[in-house]
Every structure is written in C-alpha cells, then in structure tokens.
Amino acid sequence: MYTLVDLTGMTILVAGASRGIGRDSAIMFSRLGAKLALVARNEDGLAQTLSMLDGEGHAYFAHDLADLEGISQLVKNVVAHSGALDGLFYCAGITNDRPFMMVKPQEFQKVLTVNLCAFVELMRCFARKGCYNPGLRVAVMSSIASLVGKKAHMSYSASKAAINEAVRCMARELADKHIYVNAIVSGMIDTDMYQKYLQDSGGIDAPSNQALLRRQYLGIGKTEDIASVAAFLLSPAAQFITGACIPVDGGYTAS
C-alpha cells in the first residue's frame with residue numbers, strides 16, 4: 001500500500017511539546033516513523049509526552065523559550081544528542097487577552113518573545129551548517145487571529161501576523177539552503193487555551209461564541225486536525241510547498 005505521509009528516519013523537533021497540539025503532533029509523528037526531540041519549559045509534561053511516543057531514540061530538552069539567549073545552547077544540545085534536524089514544528093505560544101489600553105509594553109513583549117522571537121531564533125540557529133540536513137522542513141503555528149481583528153486580542157494577533165510575514169521572508173532566503181518553511185493558519189482548536197477562552201467569554205452559549213461557530217462552520221477543531229497537516233508539511237510529500245500560510249480553520253476564512 002502506498003503511504004503519502006511517511007516520516008521514517010526523520011529527526012523532528014517539536015517546540016511546545018508538553019501538552020495540546022504539540023503533544024498530539026509529536027505522538028502522530030512518532031507513529032509515522034519519526035525520531036522526536038521535544039522542547040518545552042514544563043519538564044513533567046515533556047516526560048509524559050515522551051512516554052506516549054511510539055518507537056525509540058526520542059528525547060526531551062526542557063527550556064523556557066522566553067529565554068532567547070539560551071536557545072543557541074539548546075540547539076547545540078539537541079544536535080549533540082539527536083543529530084541534525086530533518087523537521088521542525090513550532091507550536092509554542094501564549095496569549096494575553098486584554099483591552100488595548102491595558103496592555104503594558106512588557107506584557108506585549110512577552111507575547112512577541114514566545115510566539116515570534118523564539119521561533120526566529122530557533123530557525124537562525126538550526127539554519128547553521130551541521131545543525132540541519134538538506135531538505136529541512138519547518139511548520140509553525142499561526143492563527144486566523146493574524147487575519148481578523150478582534151477586541152482585546154491585539155498582542156496575540158500582532159504576533160501571529162508577524163509569523164506570517166516572517167515565514168514568507170524566511171522561505172525566500174532559506175530556499176538556497178534547501179530549507180522550506182510554512183505556517184499553519186489555525187482556526188479555533190479545542191485546547192487548554194480554547195477552554196480558558198470559553199470560560200472568560202461566558203461559555204459556549206454566549207453570543208460571541210455562537211457567532212464563532214456560525215463562521216467556523218465545521219465546528220471547533222481537534223488537535224489531530226492540526227497534527228495531520230503538520231505531518232504532511234514536514235514530509236517529503238510537501239516538497240513543492242514553501243512560504244505558504246495555509247488555513248486550517250473549519251471554513252472560518254471562507255465565510
């Protein structure tokens with residue numbers, strides 16, 4: 001039987017692997033044959049994810065991605081232990097939903113640091129000779145928030161809009177190195193972040209959430225919906241795709 005998505009023999013780093021989309025993606029990648037390097041700040045969560053993986057040779061590296069200066073050493077540790085990368089999936093992210101006039105500079109910077117700057121620094125370090133294998137494929141989480149404005153959402157939306165442009169620029173610059181970079185523009189997915197959003201916004205029956213469901217008319221996505229697209233983008237099957245921001249949004253941006 002022909003298998004379109006096969007990650008056998010690939011070494012893939014998943015950033016944000018201690019829970020949610022990162023964890024379920026790592027599990028899926030392992031079932032497709034990949035060797036995983038897991039990164040997040042929560043060591044207990046990483047250890048739990050590690051225990052759920054199929055296959056052998058996986059490892060985790062506890063690191064707070066807000067520590068940008070420590071990323072260079074993190075990359076050295078990953079390469080020394082797991083080898084040069086064939087794939088990278090960045091799905092670490094935070095939000096800070098509050099009215100614009102209440103957003104302090106340090107709070108805004110924290111969101112940008114984790115959602116954008118840490119990804120850029122990981123890419124800069126892994127794009128060095130010896131840290132990646134030619135054909136390195138990268139996927140990073142963006143969001144429909146990068147395309148649609150919403151009250152009290154400025155920090156998160158700005159960070160994700162910046163991801164989209166960073167991906168387009170990186171793809172042009174890194175193509176000569178045989179590194180390919182794409183973003184997944186995600187709709188609302190059933191994660192801890194979504195559950196907190198529900199709690200803060202009045203529950204599923206609140207008018208704003210019912211309006212969301214009318215626009216995202218395939219319903220709230222599952223983590224596996226993102227993981228399957230990420231697996232494709234990291235596989236050789238996606239070799240002709242780079243610099244793309246691909247909606248995986250239950251129809252939201254088609255409305």
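Helices (H or I, at least four residues) and strands (E, at least two) are DSSP runs, numbered from the N terminus.

**Entry 1: the model.** I noted that this is a predicted model, in which local features need pLDDT of at least 70, side-chain atom pairs count only at pLDDT 80 or more, and totals for chains, interfaces and linings use all residues. I number residues from 1 along each chain as its sequence is written, and side-chain values use heavy atoms, with hydrogens and water left out.

**Entry 2: the whole chain.** I looked up the secondary structure and found eight helices and seven strands. I then looked up the radius of gyration, which is taken over C-alpha atoms; the globule rule is 2.2 Å times the number of residues to the power 0.38. For 255 residues a compact globule would have a value near 18 Å, and the chain agrees with this because its own value is 18 Å. Along the principal axes, the C-alpha atoms fill a box of roughly 50 × 45 × 40 Å.

**Entry 3: burial.** I call a residue buried under 20% relative accessible area, exposed over 50%, and partly exposed in between (1.4 Å probe, protein chains only). Buried residues account for 49% of the 255 residues in the chain.

**Entry 4: the cores.** A nonpolar core is a set of buried Ala, Val, Leu, Ile, Met, Phe, Trp, Tyr and Cys residues joined through side-chain atoms within 4.5 Å. Which residues have the most contacts inside the largest nonpolar core? They are Leu65, Tyr90 and Phe126, in a core of 38 residues. Helix α4 (residues 105–126) gives the largest share of this core, eight residues. I also recorded a second, separate core of 29 residues, which includes Ile27, Leu38, Leu233 and Ala238. In soluble globular proteins, nonpolar side chains tend to be buried together.

**Entry 5: contacts.** Contact means heavy atoms within 4.5 Å. Among contacts between residues at least 6 apart in sequence, 70% join residues at least 24 apart.

**Entry 6: strand β5.** I examined Arg137, which is in strand β5 (residues 132–143). Is Arg137 buried or exposed? Arg137 counts as buried because its relative accessible area is 4%. Leaving aside neighbours within four places in sequence, its contacts include Asp86, Tyr180, Leu233 and Ala238. Tyr132 also has its place in strand β5. Tyr132 is buried, with a relative accessible area of 13%. With neighbours within four places in sequence left aside, Tyr132 is in contact with Ala84, Leu85, Phe126, Ala127, Lys177 and Ile179.

**Entry 7: helix α5.** Ser157 lies in helix α5 (residues 154–174), and I found it buried at 11% relative accessibility. Not counting residues up to four places away in sequence, Ser157 touches Ala145, Ser146 and Val148.

Entry 8: Most residues other than glycine have a negative phi, and most peptide bonds are trans. I therefore looked up Ala152, which is partly exposed at a relative accessible area of 30%. Where does Ala152 lie? Ala152 lies in the loop between β5 and α5, and its phi is positive, about 60 degrees, although Ala152 is not a glycine. His178, in the loop between α5 and β6 (179–186), has a positive phi near 65 degrees. At 42% relative accessibility, His178 counts as partly exposed.
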